[in-house]
Amino acid sequence: MNFLAHIYLSNNDDQITIGNFIADGIRGKHYKKFPVGIQKGILLHRHIDTFTDAHPTVRQSTKRLHKNYGHYSGVIVDILYDHFLAKNWKNYCETPLDEYIDSFYNLLGDHFELLPARIKKMMPHMIAGNWLLSYAKIEGIQKVLEGMNRRTQLKSGMNTATIELKEFYSEFEAEFTSFFEELQAFTTTKLKDIETQLHDEN
């Protein structure tokens, strides 16, 4: 899953949210240097990614893209699924998406000293371009994919993936909706397991 889904799945807990957001930049057992709440978020992020990558519905989505994008298909599906979460936000959260995102940006600012250098560098661009809110529109997804393509030195061709998004829009949306319901249930259970794990470790 991409940024918005990880943030949303953090149980409205500030520290879990921060941990879930920064987790990609935290390797191995380095998570242990953070406060326990942030540790929960980092571990939750890892479990979400593992569950997502192995899920048959997600694999169905990625299979549709594999011919043109190879191993980048999973990255593209993560971004497309964030689009459907943003687009259908009212089905998942009572707080309007723009307000929810503004609160998240404020949260990042409040915990700036804890953020890894890569996140600190990215954060101003994310806020200036309001990436998370842009996910709700295909035009916003197009810009994200163009940026990802530049990061792969134009090798991935991800900038053209909105073609498949438009062609198979209803299929991708149905797959997201089905999968996300399962992911929410998984996350609730897994958080309890993580709390037990960290309690035993600490």
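Predicted model: local features only at pLDDT ≥ 70, side-chain atom pairs only at ≥ 80, totals over all residues.
I started with charge on the surface: Arg27, Arg118, Arg150 and Arg151 gather there in a positive patch. For a patch, residues need over 30% relative accessible area and no salt bridge, with like charges joined within 9 Å and nonpolar side chains (Val, Leu, Ile, Met, Phe, Trp, Tyr) within 5 Å. A salt bridge would be a side-chain nitrogen of Lys or Arg within 4 Å of a carboxyl oxygen of Asp or Glu. Lys and Arg count as positive, Asp and Glu as negative, while His and the chain ends are not counted. I noted that the place of a charge is NZ of Lys, CZ of Arg, CG of Asp or CD of Glu.

Residues are numbered from 1 along each chain as its sequence is written, and side-chain values use heavy atoms, leaving out hydrogens and water.

Next I looked up Arg151, which sits in helix H9 (residues 138–151). Helices are DSSP runs (H or I, at least four residues), numbered from the N terminus. Is Arg151 buried or exposed? Arg151 counts as exposed, at 60% relative accessibility. The cut-offs are under 20% for buried, over 50% for exposed, and partly exposed in between. The areas come from the Shrake-Rupley method with a 1.4 Å probe, and for residues only the protein chains shown count as cover.

Then I went to Ile127 in helix H7 (residues 117–128). Ile127 has 32% relative accessibility, so I put it down as partly exposed. From Ile127 to Lys63 I noted 64 residues in sequence and 32 Å in space, C-alpha to C-alpha.

On to the rings: how many aromatic pairs does a search of the whole structure find? The search finds 16. Rings of Phe, Tyr and Trp (its six-membered ring) pair if their centres lie within 6.5 Å; planes under 30 degrees apart are stacked, over 60 edge-to-face, and the rest tilted. I picked Tyr81 and Phe176, an edge-to-face pair at 5.6 Å centre to centre with 65 degrees between the planes. Tyr81 is in helix H5 (residues 73–87) and Phe176 in helix H11 (residues 169–201), so the pair ties together parts 95 residues apart in sequence. I found both Tyr81 and Phe176 buried.

Last stop was the loop between helix H1 (3–8) and helix H2 (14–22), where I found Asn11. Its phi is positive, near 65 degrees, and Asn11 is not a glycine.

Technical notes:
Helix = DSSP H or I, 4+ residues; strand = E, 2+ residues; numbered from the N terminus. Buried < 20%, exposed > 50% of the residue type's maximum accessible area, 1.4 Å probe, protein only.
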